[in-house]
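This report looks at cores and a pocket in one protein model. Please view the structure first.

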Amino acid sequence: MSTLFDLVFYVTVPFWALMIFAPTWRWTRTIISSPWIVLVPLVIWAIVAIPVLGPIWSLVTSPSLDAITDAAADPAVLTALWAQIIAWDLFLGRWIYLDSRERAVHPLLMGPVLVGTILLSPIVFPIYLLIREFARRSTPSAPATQGVPVST
């Protein structure tokens with residue numbers, strides 16, 4: 001179980017590395033644009049969770065602190081929870097990366113934001129939303145085209 005626990009993070013490292021260290025490389029955007037990048041940690045989640053689906057189902061349908069504390073003693077349940085957290089962080093990091101590229105937020109600012117997303121996404125996500133709002137306000141509005149189609 002320990003190997004799968006470790007593996008679930010390591011399989012996401014290449015995606016994080018692309019977003020943090022090669023954010024403007026065209027292949028980064030191509031790869032990260034696919035929501036399927038979260039599939040790998042979710043496959044590990046399935047491998048670990050299917051044998052303990054009964055206890056997990058009980059936790060999500062009747063959650064209590066005591067039940068979750070007891071379930072966390074089971075390495076399979078804890079590994080499944082870890083895999084779910086890692087997959088969610090990657091999905092959130094993917095959205096932040098793509099959104100920041102659309103808004104032309106500088107990659108040197110986004111690198112620490114993405115590292116923070118890996119480590120403490122509940123804290124960093126609201127910080128990114130503030131950055132996003134600031135980027136929106138500081139970007140000059142495009143002049144109105146008055147019905148003229150814009151080609152790209």
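How many nonpolar, polar and charged residues does the lining of the largest pocket have, by class? The lining has 11 nonpolar residues, one polar residue and no charged residues. Bear in mind that the model is predicted.

**The pocket**

The volume of the largest pocket is about 240 Å³. Its lining includes W45, I56, L59, V60 and I68. A71, A72, V77, L78, A80, L81 and Q84 also line the largest pocket. Three helices each supply at least two lining residues: helix 5 (53-61), helix 6 (65-71) and helix 7. Helix 7 gives the largest share, five residues.

**The cores**

The largest nonpolar core has 20 residues. Within this core, M19, I32, L90, I96, V113 and L114 touch the most other members. Helix 2 (13-21), helix 7 (75-102) and helix 8 (107-138) each give two or more residues to this core. The largest share comes from helix 8, with seven residues.

What does M19 contact beyond its neighbours within four places in sequence? The partners of M19 are T28, I32, L90, G93, R94, Y97 and L114.

A second, separate core has 14 residues, among them L59, A71, A83 and I86. L59 and A71 also belong to the lining of the largest pocket.

| Core | Residues | Members, including |
|---|---|---|
| Largest nonpolar core | 20 residues | M19, I32, L90, I96, V113, L114 |
| Second, separate core | 14 residues | L59, A71, A83, I86 |

Note on methods:
Residues are numbered from 1 along each chain as its sequence is written. This is a predicted model: local features need pLDDT of at least 70, side-chain atom pairs count only at pLDDT 80 or more; totals for chains, interfaces and linings use all residues. Side-chain values use heavy atoms; hydrogens and water are left out. A nonpolar core is a set of buried Ala, Val, Leu, Ile, Met, Phe, Trp, Tyr and Cys residues joined through side-chain atoms within 4.5 Å. Buried means under 20% relative accessible area, exposed over 50%, partly exposed in between (1.4 Å probe, protein chains only). Helices (H or I, at least four residues) and strands (E, at least two) are DSSP runs, numbered from the N terminus. Contact means heavy atoms within 4.5 Å. On a 1 Å grid over the protein atoms alone, a cavity is a set of points where a 1.4 Å probe fits but cannot get out, and a pocket is an open set with protein on both sides within 12 Å along at least five of seven lines; lining residues have an atom within 4 Å of a point. Grid points are joined across faces, edges and corners, and a volume is the space filled by probe spheres set on the points. Ala, Val, Leu, Ile, Met, Phe, Trp, Tyr, Cys and Pro count as nonpolar, Asp, Glu, Lys and Arg as charged, and the others, Gly among them, as polar.
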